[in-house]
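User: Can you walk me through this one? I'd like to start with the core.

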Amino acid sequence: MKGKLILEDGSVFHGELLNNIKATGEVVFNTSMVGYQESLTDPSYCRQILTLTYPMVGNYGIADIFMQSRKSFVNGFVIGELCEHGSNWHYETSLADFLTKQGVPCLYNVDTRAVTRKIRNAGTMKGIIVPEDAAQTEIDELFAVPIKKDVVMEVTTPEAYTLESTLEDPSKAPFVVAMDFGVKQNIIKSMHDLGFKVTVVPAHTTAEEVLAMNPDGVFLSNGPGDPADVPEIVAEVKKLIGKKPIFGICLGHQLLALAMGAKTYKLKFGHRGTNQPVKDLRTGNVYISSQNHGFAVDEKSLKGLPLEVTHINVNDGTVEGMRHKELPIFSVQYHPEAAPGPDDNMYLFDEFWAMLKKGE
């Protein structure tokens, strides 16, 4: 079936509809060459229409081991070539079957680089996916549907769960409570593989409930949306400051900044891809990082706060990491577990481990 992507500025991009499912969401793009399943199941894309710049998608299929959450939370998927037959030793099912079973609207055979150029020039904007012959009244109705803002509670784990330490002597393992705002499973796996004992809790868990578990440290996860839309979570994070060591990633980094009195702002088109260069100001080393975010911490707002910038984005100079000058608290904007390097950024989990062991 013929279909099209329509942006709120009137731009139209034509393609083929995999299934007759309409979509409304914020249109964003990702420049990664691989990792389409990880992106599709990354909760940070909740309520968004994800566009991939790489032209051939689905060539290695889908496998359960690459799932980053319990389901796909994207509102739509826009790609170039949809490969019908995947080839990989992990292959379990085709991308097309996965999208159909997940109920994800997909528009393919699209000039996604043209879509990307539009978004880069004009900024992220609302869009819809509809059949080619959709009536104007239907188009108007879809554009009238507001994009839900507070999406953290939609993607968080419904109940707490624990992964016991893999160490031979579990009593030597640091115990971490991970607040799930839309966590990628690779993050939990990375900590677990190092030997952490990890208890993952829903986003609505209070600071009092976290502290009652008496963890050695607290992890603030990635997740979707504007951090300013969840002031109730910011308030709970604020209560944890000074009580336990804290490590935050992506949305967790932004929430931590707000809890400390800093500000965040929306980027023109965000950072989404596996090729973002990040400089560690402490060592001068530059790492290639995986990122997926549309908001950033305002560096000017850190002035006068007990926070210092530790990492910056080499491309645009935005804040990619910070740490508290006195307390055992640090965070990064990017995803150290996503392995574009492939292991360049795993040192951050080692730093968290060292921080917790130091506090024994």
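Analyst: The largest nonpolar core has 32 residues. Such a core is a set of buried Ala, Val, Leu, Ile, Met, Phe, Trp, Tyr and Cys residues joined through side-chain atoms within 4.5 Å. Buried means under 20% relative accessible area (1.4 Å probe, protein chains only). This is a predicted model: local features need pLDDT of at least 70, side-chain atom pairs count only at pLDDT 80 or more, and totals for chains, interfaces and linings use all residues. Numbering runs from 1 along each chain as its sequence is written, and side-chain values use heavy atoms, without hydrogens and water.

User: Which residues have the most contacts inside that core?

Analyst: M179, F181, L220, I233, I246 and L256.

User: And which helix gives the most to this core?

Analyst: α9, with five residues. Helices are DSSP runs (H or I, at least four residues), numbered from the N terminus.

User: How do the axes of α8 and α9 cross?

Analyst: At roughly 75°, coming within 8 Å. Axes are lines fitted to C-alpha atoms, for helices over the stretch in contact, and angles run from 0 to 180 degrees between N-to-C directions. The two helices are therefore roughly perpendicular (65 to 115 degrees).

User: Switching topic. How many disulfides?

Analyst: Zero in the whole structure. A disulfide would be a pair of cysteine sulfur atoms within 2.5 Å. For C83, the nearest cysteine sulfur is that of C106, 12 Å away.

User: Is C83 buried or exposed?

Analyst: Buried, at 9% relative accessibility.

User: What about C250?

Analyst: C250 is in no disulfide either; the nearest cysteine sulfur belongs to C46, 14 Å away. C250 is buried, with a relative accessible area of 1%.

Methods: Parallel < 35°, antiparallel > 145°, perpendicular 65-115°, else oblique. Buried < 20%, exposed > 50% of the residue type's maximum accessible area, 1.4 Å probe, protein only.
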